[in-house]
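Please look over the sequence and the model before reading on.

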Amino acid sequence: MKKLVIVIITATLIFGLTDLQAQTTNNKKNTDLEHINFSVEPAPEWSDLLKRDSGWFGGDGIYTMRLDGVRNHTATPNSKILFLFSDSMIGEIKGHTMAAGYKMIHNAVAVLNGNKPVAGHIQFSWAKDTAGKPESIFIPVTPHTQSGDYYWLGDGFVNQELGNAIYIFGYRVRNVSNAPFGFKEVGNTLIKIPAGSVPPYANQQQMDTPFYLLDNAGDSGSFGAGIYVNTKKAGAPDPDGFVYVYGVSGMAKRLMVARVLPKDFEHFDKWTFWDGSEWVSDIKKVANVTKDVSNELSLTALPDGRYALIFQLDGMTTTVGMRIGATPYGPFGPIIKLWDCKPDLLKSTYLVYNAKAHPSISKPGELIISYNINSTDFINDLKADPNLYRPRFIKVTFK
């Protein structure tokens with residue numbers, strides 16, 4: 001077990017921010033975006049939940065959501081929590097290595113019954129191909145899809161205004177070479193799962209979106225990296241009724257923000273984008289509200305009325321970072337370093353990426369945060385360390 005690491009940054013928490021809709025520009029500027037009291041330690045009980053020897057035994061991605069649609073409160077003993085995984089390993093681990101017959105698929109899910117990391121309470125699911133072999137649950141079938149395209153999953157949520165359907169962003173990805181990073185995103189999709197559906201979600205629906213951006217210099221961006229549901233039904237502490245969707249663009253990992261009313265989620269012409277001073281309908285005018293984030297991230301309301309943006313610094317460094325926001329769309333303060341993942345890098349080929357918070361499995365006053373571990377020498381390292389490819393968790397407690 002890692003040595004307990006405690007990080008303390010002294011400051012006074014600010015409570016009782018006024019309603020965001022009434023908050024003036026001066027109030028935003030006066031919000032303390034630099035200081036907060038917290039401690040950090042490993043959360044081995046959550047890391048161990050995903051250490052498995054049979055079936056799903058590794059993967060990345062990992063977003064979580066309560067299936068009752070509540071986003072801003074911890075789950076209850078009666079809750080069901082959906083876990084979304086992207087690339088996943090399915091098979092068996094025997095004799096401290098991967099047994100023959102393992103297969104990587106591009107996405108899978110799990111459902112946890114209750115709010116505790118109990119191995120017997122979580123059920124993993126994936127689809128099967130015509131030969132009965134493991135297959136991805138979500139496979140692109142939209143009009144813009146080309147042969148060989150596959151999905152990495154973005155964030156999702158239960159839309160209580162549209163029949164409790166689950167909406168998940170799918171990044172349509174295409175391989176371009178055999179190199180370790182020989183792939184690129186080529187499109188953005190919205191996946192809809194009707195309420196009451198069970199994995200592998202045979203009744204899922206998919207729709208191409210206009211939320212993939214490509215500029216003249218070849219810099220790309222896409223929305224779906226994180227979702228904040230700022231509604232009363234979702235349990236938001238200061239709701240304005242909107243769903244905020246976060247996007248990331250370019251090598252600088254710049255953060256973009258969009259919002260839409262839940263009832264209009266499928267009406268892409270009703271989405272608006274933050275241009276730095278107001279909400280506009282032209283996606284090309286979207287502002288870069290901050291940078292150095294990761295392609296997967298989270299935004300969570302803090303107990304004092306501010307917001308925590310959690311990410312892997314620069315996408316793939318060893319630092320789990322946080323920026324404090326005055327509102328769900330900023331301004332955001334400087335980087336606060338939460339955790340150094342270097343102890344997990346047991347080999348020079350190991351890497352970490354895409355940290356994010358999981359409020360559904362976090363107790364009041366804390367945030368459970370995951371980050372992914374992978375390898376540039378993937379199969380060889382998994383043969384030697386078959387449990388390396390899975391999220392690790394830490395716990396941030398706010399003082």
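In which sense do strand 12 and strand 13 pair, and over how many bridges? Strand 12, which covers residues 183-193, pairs with strand 13 in the antiparallel sense, over four bridges. Strands here are DSSP runs of E with at least two residues, numbered from the N terminus, and two strands count as paired if DSSP finds at least two bridges between them. Within this pair, threonine 189 has aspartate 208 of strand 13 as its bridge partner.

The model is a predicted one, in which local features need pLDDT of at least 70 and side-chain atom pairs count only at pLDDT 80 or more, while totals for chains, interfaces and linings use all residues. Residues are numbered from 1 along each chain as its sequence is written, and side-chain values use heavy atoms, with hydrogens and water left out.

The pair of strands belongs to an open sheet of four strands, in the order 10-11-12-13 and with antiparallel pairing. Its edges are strand 10 (150-159) and strand 13 (205-208), each of which pairs on one side only. On average, neighbouring strands of this sheet are turned by 25° against each other, direction ignored; the axes behind this angle are lines fitted to C-alpha atoms, and angles run from 0 to 180 degrees between N-to-C directions.

The loop between strand 12 and strand 13 holds proline 200. A cis peptide bond joins proline 199 to proline 200, with omega about 10°. Another cis peptide bond lies between glycine 330 and proline 331, where omega is about 0°. Proline 331 sits in the loop between strand 22 (319-325) and strand 23 (336-340). Most residues other than glycine have a negative phi, and most peptide bonds are trans.

Histidine 96, which is not a glycine, has a positive phi near 65°. Its place is the loop between strand 3 (80-94) and strand 4 (97-98). Histidine 96 counts as exposed because its relative accessibility is 72%; exposed means over 50% relative accessible area, buried means under 20%, and partly exposed lies in between, with a 1.4 Å probe and protein chains only. Aspartate 314 also has a positive phi, of about 60°, although it is not a glycine. This residue is in the loop between strand 21 (307-312) and strand 22, and aspartate 314 is partly exposed, with a relative accessible area of 39%.

Next come the nonpolar cores. Such a core is a set of buried Ala, Val, Leu, Ile, Met, Phe, Trp, Tyr and Cys residues joined through side-chain atoms within 4.5 Å. The largest has 36 residues, and those with the most contacts inside it are Ile310, Val320, Leu338, Ile369 and Tyr371. Strand 24 (residues 350-357) gives the most to this core, with six residues. Another core, of 24 residues, lies apart from it and includes Val173, Tyr228, Val248 and Trp274.

How is strand 1 placed relative to the rest of the structure? Four of the five residues of strand 1 (residues 38-42) are buried, so this strand is largely enclosed by the rest of the structure. Strand 1 pairs with strand 26 (residues 392-398) in the antiparallel sense over five bridges. In this pairing, glutamate 41 stands opposite lysine 395 of strand 26. Glutamate 41 and lysine 395 also form a salt bridge, with their closest N and O atoms 3.9 Å apart; a salt bridge is a side-chain nitrogen of Lys or Arg within 4 Å of a carboxyl oxygen of Asp or Glu. The two residues are 354 residues apart and so link distant parts of the chain, strand 1 and strand 26. Glutamate 41 is partly exposed, at 26% relative accessibility.The whole structure holds 16 salt bridges. One of them joins aspartate 155 and arginine 71, with the closest N and O atoms 3.5 Å apart. Aspartate 155 lies in strand 10 and arginine 71 in the loop between strand 2 (54-66) and strand 3, so the pair ties together parts that are 84 residues apart in sequence. Aspartate 155 is buried, at 4% relative accessible area, and arginine 71 is buried at 13%.

A further salt bridge connects the side chains of aspartate 149 and arginine 172, at 2.8 Å from N to O. Aspartate 149 is in the loop between strand 9 and strand 10, and arginine 172 is in strand 11 (residues 165-175), 23 residues apart. Both aspartate 149 and arginine 172 are buried. Asp149 and Arg172 are linked with Arg174 in a network of salt bridges.
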